[in-house]
Amino acid sequence: MALSSGPLPCTGARAGDILRGFVPATTSPSIPGPAEGSAMSYQHTTIPETGDKIRVAGGRLAVTDQPILGFVEGDGIGPDITRACLRIWDAAVERAYGGRRKVHWAELYMGEKAAGLFDGDYFPQETRDALRDLVVSIKGPLTTPVGGGFRSLNVGLRQVLDLYACVRPVRYYAGVPSPLRRPQDVDVVIFRENTEDVYAGIEYEAGSAENEKLARFLRDEMGAGFFEGAGLGVKPISPFGTNRLVRKAIRYAIDHGRRSVTFVHKGNIMKFTEGAFRNWGYELARSEFAEHTITEDELWEKHDGRQPEGKIVVKDRIADIMFQMMLLRPAEFDVIATSNLNGDYLSDAVAAEVGGVGIAPGANMADHVAVFEATHGTAPKYANQDKVNPGSLLFSGVMMFDYIGWPEVGRTITAAYEKTIARKVVTYDFARQTEGATEVPTSGFASAIIDAM
Ligand code: NAP
């Protein structure tokens, strides 16, 4: 699948249902007009009056030809890559639609820039409100403030907006340096559960009163045995959390003509959490998507291994073997649904197969609200040097344009990117792996892509 093959689905909506074309907000009965809560209600955030807010109507995104999209510049290298990407996105929209469509960008504040404006507040209330209000936004990387209110701003963002699915498409772009012999076989979309598992924050430090209380309960009442002085963490995995993630993954597979959905788990060891994730996944596929899916067992028992037209194969793999398979036989995998910790490791490992986190895109999504993001960090040693690769944020933008139903933008960017890489015009990270490369700064790379459109 190409990243640009269509919009990511929203839970409760089919991709094809996402409204396309001009739908005047003021005249369409199905789309509420621009919401209250305009620029007046924000202290520092300016919502452009020239554009229309994206709305959710009847479980679908309603996007006019002049949508407002939010962006958070981010810390460290964030400003450099955001500046470059805004130029590329705007040029691609212009190129794809010849002026008929235009994005009206609203800058939202998180991280160090927010702290400067909002008296030390790294994630101000008005940014939370605006992210929800604008529905679709994109962000650069953020430094995790030491001693801040959240363990991490990114974790805080996911919690505040209940962005329960981390979506990471990983595919190969011709010419990008890769350690694999056949990197073109890598084309997966990883749906990682974002809110549960050992990331739920239920952890008790060794020596604390809470830890001792829990240790006593586990030993005395539950008969559990473990070493003295152990730190303790809890790994909750629920049917609710599993089902909404698996539902999003299967719906994506259906909407994008994907061939399989693989549940990746460690259920052989953690039967009631990871194993339950797998079992609930199969149950959901059976109860909600019976007409679209068959299991791998059914594929062999009833269809002699030949995949029936229009059916997605639902299968599962244990996490450790999955890492090996993604290196040796990546073509066997398509959409992947997995729990939080597995997904964290797997998405970076798979990204490394086709160029690394400097180019891997991502999104954190609720049912409709979505925040697209660069998957790497702030790389502070390169801040303000106009040096790094903007690819991760750029392709997160491609995902975003697909999501709002503007796939032509992604196609324009992807084609121009591949042309630029084929000419060996690259930023420092690819230059050091590419013989005969012309190294350019972030801004120069953006110009080269725009020229190639
Ligand atoms: P990092 O910022 O991702 O940087 C690690 C290395 O990855 C860099 O030194 C660089 O490698 C390479 N790299 C990252 N982005 C690149 C780009 N756009 N182009 C080319 N190479 C790139 O990870 P970190 O140093 O562990 O974390 C730094 C800060 O970022 C921390 O405060 C962390 O909390 C934060 N962080 C934020 C997010 C987020 O906002 N989503 C995610 C992860 C980390 P070379 O030095 O080899 O060139």
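This is a predicted model: local features need pLDDT of at least 70, side-chain atom pairs count only at pLDDT 80 or more; totals for chains, interfaces and linings use all residues.
Local features need pLDDT of at least 70 and side-chain atom pairs count only at pLDDT 80 or more, while totals for chains, interfaces and linings use all residues. Residues are numbered from 1 along each chain as its sequence is written, and side-chain values use heavy atoms, with hydrogens and water left out.

**View 1. The shell around the ligand.** Here 21 residues surround the ligand, and L142, G377, A379, N389 and Y428 are the closest (a shell residue has a heavy atom within 4 Å of the ligand). By class, that makes 9 nonpolar, 7 polar and 5 charged residues, with Gly counted as polar.

View 2. Y428 puts a polar side-chain atom 2.5 Å from a ligand oxygen. For K381, a side-chain N or O atom sits 2.8 Å from an oxygen atom of the ligand. L142 uses its backbone instead, with an N or O atom 2.8 Å from a ligand oxygen. On its own the ligand has 880 Å² of accessible area, and the protein covers 67% of that (Shrake-Rupley method, 1.4 Å probe).

**View 3. W105 in the largest nonpolar core.** This core has 116 residues, buried (under 20% relative accessible area, 1.4 Å probe, protein chains only) and joined through side-chain atoms within 4.5 Å. W89, W105, V136, F401, I413 and Y417 touch the most other members. Helix α1 (residues 78–97) gives the most, with 9 residues. Leaving out residues up to four places away in sequence, W105 touches P48, L69, F71, L86, W89, D90, I138, M400 and F401 (heavy atoms within 4.5 Å).

Terms used:
A polar contact is a pair of N or O atoms within 3.5 Å; within protein, one must be able to donate a hydrogen and the other to accept it, and residues adjacent in sequence count only if both atoms are side-chain atoms. Buried means under 20% relative accessible area, exposed over 50%, partly exposed in between (1.4 Å probe, protein chains only). Helices (H or I, at least four residues) and strands (E, at least two) are DSSP runs, numbered from the N terminus.
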